[in-house]
Amino acid sequence: MAPQAACVHEGGGVERRAAHHERERQRRRREAAGGSTEPAAEEATDVEAVSAADVLAGVEESGPNYALPTAREGQRERRERLRVDETAKQAGHTIVETGTHVEILGEQGLWWPATIAGREEDVDGRLVHEVEYDGYQGEQYWHMLDDEQWRRATAMPTPADGTNAAASTEGEESGG
């Protein structure tokens, strides 16, 4: 059995790395055959020189090209999650799945983009959602979404500058 990887690589860097490894394999084959180690003219055109500043700007914009594997939910945790969800459903509480992108209306009248990081039953039996706001990674806040004005964030087509924008529906009431 193969050892489990500590990270799972993803994103555009994976394809570039695979292409680099393929070019290196071809170079080693040419070298072993006693030929020139220089790539053929048609292969040389595939390589594009990019400044380090451009590479770092791309990584800053899109984030790293790896993701840590998520632990499989155990039977005990799954049963507890289902029990909490069923209790909340019977009480008529809002249930939003983990990983859902939402926007929450702040006191300033601005919509704050966030991701649902988890949910659990509060001491009074109500369902609370753990929310991680975009740009504030590592900081979790707890919200009772029944008491908040919120909406699911819908991604619009990517603009020319490469950023994602949430659909603007200012003043819209959330259906929860």
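1. A word before the tour: two strands count as paired if DSSP finds at least two bridges between them. With that in hand, please keep in mind that this is a predicted model. Its open sheet has five strands in the order 6-5-4-3-7, with antiparallel pairing. Strand 6 (140–143) and strand 7 (150–152) stand at the edges; each has a single partner strand, so one side of each is left without a neighbour in the sheet. From one strand to the next, the twist averages 40 degrees.

2. Now look at strand 4 and strand 5, which pair in the antiparallel sense over seven bridges.

3. Next comes the largest nonpolar core, which has nine residues: Val 96, Val 102, Ile 104, Ala 114, Ile 116, Val 131, Tyr 133, Leu 145 and Trp 150. Strand 3 (101–105), strand 4 (111–121) and strand 5 (127–133) each supply at least two residues of this core.

4. On to the charged side chains. A search of the whole structure finds 11 salt bridges. One of them joins Glu 22 and Arg 25, with the closest N and O atoms 2.9 Å apart. These two residues are three apart in helix 1 (residues 12–32), so about one helical turn separates them. Glu 22 is partly exposed, at a relative accessible area of 30%, and Arg 25 is partly exposed too, at 37%.

5. Arg 83 and Glu 121 also form a salt bridge, with the closest N and O atoms 3.1 Å apart. This pair links distant parts of the chain, since Arg 83 lies in helix 4 and Glu 121 in strand 4, 38 residues apart. Arg 83 is partly exposed, with a relative accessible area of 40%; Glu 121 is partly exposed at 27%.

6. Finally, have a look at Glu 73, Arg 81, Asp 85, Glu 97 and Arg 119, which are linked in a network of salt bridges.

Methods: Residues are numbered from 1 along each chain as its sequence is written. This is a predicted model: local features need pLDDT of at least 70, side-chain atom pairs count only at pLDDT 80 or more; totals for chains, interfaces and linings use all residues. Side-chain values use heavy atoms; hydrogens and water are left out. A nonpolar core is a set of buried Ala, Val, Leu, Ile, Met, Phe, Trp, Tyr and Cys residues joined through side-chain atoms within 4.5 Å. Buried means under 20% relative accessible area, exposed over 50%, partly exposed in between (1.4 Å probe, protein chains only). Helices (H or I, at least four residues) and strands (E, at least two) are DSSP runs, numbered from the N terminus. Axes are lines fitted to C-alpha atoms, for helices over the stretch in contact, and angles run from 0 to 180 degrees between N-to-C directions. A salt bridge is a side-chain nitrogen of Lys or Arg within 4 Å of a carboxyl oxygen of Asp or Glu.
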